[in-house]
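Please open the model in your viewer and keep the selection panel at hand. The tour below goes from stop to stop, saying what to select and what is to be found there.

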Amino acid sequence: FYPQVDSANAGRVLASDAAVFLKKSGLTDLVLGKIWDLADTDGKGVLNKQEFFVALRLVACAQNGLDVSLSSLNLPVPPPRFTDTSSPLLLSGTASSDVPWAVKVSNIIFLLPLHLEDKAKYDAIFDSLNPVNGLLSGDKVKPVLLNSKLPVDILGRVWELSDIDRDGMLDRDEFAVAMFLVYCALEKEPVPMSLPAALVPPSKRKPVSVPGAMPLIPSLTSTKESHQSLPPVGILAAKAPLTQ
């Protein structure tokens, strides 16, 4: 990876070059900014080779759901993945069509067993929210997420991970990913910093450009709304369309 950001072998990586390269990790600007701050220890705006290696390792930690902190540097993690076709490891290559979709098929991820009936329940909730042209806006998804009473930052990450094509809407498969992540979080399992390959729906398994961080769920915090705890998916599915 290093020769791609220091092709002149100058022994340093400029912030602009590092930013372009690290964005190909698929992580948000917020996470990448934290990674840069930790790697650029003296705030000089450039990284030497060792500092760039620290940044790469922090990217790997984030991609595997670990805390982005110096204390994570010694934890065993696989190498970081990038979408660049010239990189040794491809992010898109890990999401090939032969990887089972954990939300739909029987699998164990985040220590939670999922089965076919779970996807059916998520679809029922999706249909109850009156999608338009097969899509749900953030305003329609927001009450369902808020009902979980999970922290706002966790819900923001759920939205960001599930809106895979970054169109500000969730289709049926993306909504299933969101619901899966919510129930994982309710079971005290960590929500990853980037979406694992097994959670990417087959319909979304293609190289996508990852833009900068975009606004998350509109107005997640509200002083006048009261929400009950998220009931089992079967109960949610049976209810009339949820409203604010």
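## Starting at a loop residue

Begin by selecting L135 in this predicted model: leaving aside its neighbours within four places in sequence, L135 is in contact with F126, M169, L170 and D171. L135 is found in the loop between α5 and β5, the latter being residues 136-137, and with a relative accessible area of 25% the residue is partly exposed.

## Two residues with positive phi

Stay in the loop between α5 and β5 and select N130, which has a positive phi of about 55° although it is not a glycine. N130 counts as partly exposed, at 45% relative accessibility. Then move to R166, in the loop between α7 and β6 (169-170), where phi is again positive, near 55°, in a residue other than glycine. R166 also counts as partly exposed, with a relative accessibility of 25%.

## The whole chain

Zoom out next and colour the chain by secondary structure, which comes to 9 helices and 6 strands. Of the 244 residues in the chain, 46% are buried, and the accessible surface comes to about 12,100 Å², with 58% of it belonging to carbon and sulfur atoms. Among contacts with a separation of 6 or more, 64% are between residues 24 or more positions apart.

## The nonpolar cores

Select V141, V158, F175, M179, L181 and L195, which are the residues with the most contacts inside the largest nonpolar core, a set of 32 residues. The elements that give two or more residues to this core are α5 (116-128), α6 (138-147), α7 (152-162) and α8 (172-186), and α8 gives the most, with 11 residues. Another core, of 24 residues, lies apart from it, and L27, I35, A55 and M193 are among its members.

## One face of a helix

Which residues of helix α3 are buried? Select residues 29-39, which form this helix, and then pick out V31, L32, I35, W36 and A39, for these are the buried ones. Seen down the axis of α3, the buried residues fall within an arc of 140°, so they line one face of the helix. On the other side of α3, L30 and D37 are exposed. To see what the buried residues of α3 pack against, show β1 (12-14), α2 (15-22), β2 (46-48) and α4 (49-63).

## Two annotated stretches

For "domain: EF-hand", an unreviewed UniProt entry lists residues 27-62 and 150-185. Select residues 27-62 and you have a stretch that is 69% helix and 8% strand, with its end C-alpha atoms 8 Å apart. Over residues 150-185 the chain is 69% helix and 6% strand, and here the end C-alpha atoms are 8 Å apart.

How many disulfides does a search of the whole structure find? The search of the whole structure finds 0 disulfides.

Methods:
Residues are numbered from 1 along each chain as its sequence is written. This is a predicted model: local features need pLDDT of at least 70, side-chain atom pairs count only at pLDDT 80 or more; totals for chains, interfaces and linings use all residues. Side-chain values use heavy atoms; hydrogens and water are left out. Buried means under 20% relative accessible area, exposed over 50%, partly exposed in between (1.4 Å probe, protein chains only). Helices (H or I, at least four residues) and strands (E, at least two) are DSSP runs, numbered from the N terminus. The arc is that of the directions from the helix axis to the C-beta atoms. Contact means heavy atoms within 4.5 Å. Accessible areas come from the Shrake-Rupley method with a 1.4 Å probe; for residues, only the protein chains shown count as cover. A nonpolar core is a set of buried Ala, Val, Leu, Ile, Met, Phe, Trp, Tyr and Cys residues joined through side-chain atoms within 4.5 Å. UniProt positions are given in the numbering used here, feature names are shortened, and annotations may be inferred rather than shown by experiment. A disulfide is a pair of cysteine sulfur atoms within 2.5 Å.
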